Structures are given as C-alpha cells and as structure tokens.
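Dear colleague,

I am handing over a structure that you have not worked with before, and my notes on it follow below. Please read them with the model open beside you.

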Amino acid sequence: MVVVLDKVFELAGRIGELMKESLTERGLTPARAEVLLVLHHHGEPMVQRELSQALRCTPRHVTALVDALETHDWAVRRPHPTDRRATLVSLTRKGATATGHLDRERRTAARAILGDLPARDLAGFMKVADRVLGHLTPQDTPRSD
C-alpha cells in the first residue's frame, strides 16, 4: 500500500507543478484559479458566503482571495441588492476570458494525459479516487489554506 501512496504523491506533485507553472504564466495561483472556476461553473454572481462553502474554506480566506482577484481585475464585488450583510462576487471580462482558457486547457490536458486509457480503467480510477478522497476530506470541515 505504501508504494501506491508514493505513486499518488508523485502524480499529485507532477500535476501540481504543471498546473502551477501554467497558472503562474497568467499571474494566477491555484487557489485564485479555483475561485474563478467555481464562479464560472456554479454561475455568477455568487454570495461570498456561498463561495466559501463551495471552496470548503473559511470566509476570511475567501475574502483574501477575492481581494487579490479584484486587485488584478479578475473579479469584482458588489453589494447584494436585498441583503445588506451579503456581498456578491462576479467575474470581470478578464476573469471570464481566463476561465474559458482554463476550461479549454483542462480538457486538452485530460485528453493528453488520460485519452488513451480505456473507459473501464478510468471508471476504476474514479472509484478509487472518490473513496480515498472520502477518507481524506471531512464533509463539514472548512479548509483554511
């Protein structure tokens, strides 16, 4: 089992390096890119509190991420029209364009890395990955990274 875990670490490290390199070229970090993709995939605008829940991290951490995204014109905050305590977060034109590129690159990378694997192998990999993630990620505990 340790050999399998070592292989998982190697895989995560290599994919992480490639991802970080690609994002750095755009001026993004993995955490900031995740915010952009969540906004893109879940629909926008999103209440900052909902964004925190979708990212499984603290509201304080989301505030810092959105601050950075806003500084670089990737996202914008606006007051909620009916809830004075809530803040809406949306992608800017630059952010929407970037998420389109990120989505296309993810699809291209998936085809390049996994495209020649049989569907049965992919399904088995997903089953194992989901089970491992279930052991690693308590459902109700926010991340604070």
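Is Asp73 buried, partly exposed or exposed? Asp73 is partly exposed, because its relative accessible area is 42%, where buried means under 20% relative accessible area, exposed means over 50% and partly exposed lies in between, with a 1.4 Å probe and protein chains only as cover. The residue is found in the loop between α4 and β2 (75-79), and Asp73 has a positive phi of about 65 degrees although it is not a glycine.

Before going further, please note that this is a predicted model, in which local features need pLDDT of at least 70 and side-chain atom pairs count only at pLDDT 80 or more, while totals for chains, interfaces and linings use all residues. Residues are numbered from 1 along each chain as its sequence is written, and side-chain values use heavy atoms, with hydrogens and water left out.

Overall layout

The chain contains six helices and three strands, which are DSSP runs numbered from the N terminus (H or I of at least four residues for helices, E of at least two for strands). Read from the N terminus, the order of the elements is α-α-β-α-α-β-β-α-α. The C-alpha trace spans about 50 × 30 × 25 Å along its principal axes, and of the 145 residues of the chain, 25% count as buried.

Helix α1 and its surface

Helix α1 covers residues 2-26 and includes Phe9. Just after α1, Gly27 takes a positive phi of about 85 degrees.

Phe9 counts as exposed, at 56% relative accessibility, and together with Val4, Leu5 and Val8 it forms a nonpolar patch on the surface, with about 400 Å² of accessible area together. Such patches are made of residues with over 30% relative accessible area and no salt bridge, where nonpolar side chains (Val, Leu, Ile, Met, Phe, Trp, Tyr) are joined within 5 Å and like charges within 9 Å, and the areas come from the Shrake-Rupley method with a 1.4 Å probe, only the protein chains shown counting as cover for residues.

Salt bridges

A search of the whole structure finds seven salt bridges, each being a side-chain nitrogen of Lys or Arg within 4 Å of a carboxyl oxygen of Asp or Glu. One of them joins the side chains of Glu10 and Arg14, at 3.1 Å from N to O, and these residues both lie in helix α1, four residues apart, about one turn of the helix. An α-helix has 3.6 residues a turn, so residues three or four places apart point the same way. Glu10 is partly exposed at 34% relative accessible area, whereas Arg14 is exposed at 54%. Lys7, Glu10 and Arg14 are linked in a network of salt bridges.

Another salt bridge is formed by the side chains of Glu105 and Arg26, at 2.6 Å from N to O. Since Glu105 lies in helix α5 (residues 93-114) and Arg26 in helix α1, this pair ties together parts that are 79 residues apart in sequence. Within α5, Arg106 forms a salt bridge with Asp103, with the closest N and O atoms 2.6 Å apart, and the two are separated by about one helical turn, being three residues apart. Here Arg106 is partly exposed, with a relative accessible area of 44%, while Asp103 counts as buried at 8% relative accessibility.

Rings and backbone

Lys94 lies over the face of Trp74, at 4.4 Å from the ring centre; a charge sits over a ring if NZ of Lys or CZ of Arg is within 6 Å of the ring centre and within 35 degrees of the ring normal.

Most residues other than glycine have a negative phi, and most peptide bonds are trans. Arg56, in the loop between α3 (48-55) and α4 (59-71), has a positive phi near 55 degrees, and this residue is partly exposed, with a relative accessible area of 34%. The peptide bond from Glu44 to Pro45 is cis, with omega near 0 degrees, and Pro45 lies in the loop between α2 and β1 (46-47).
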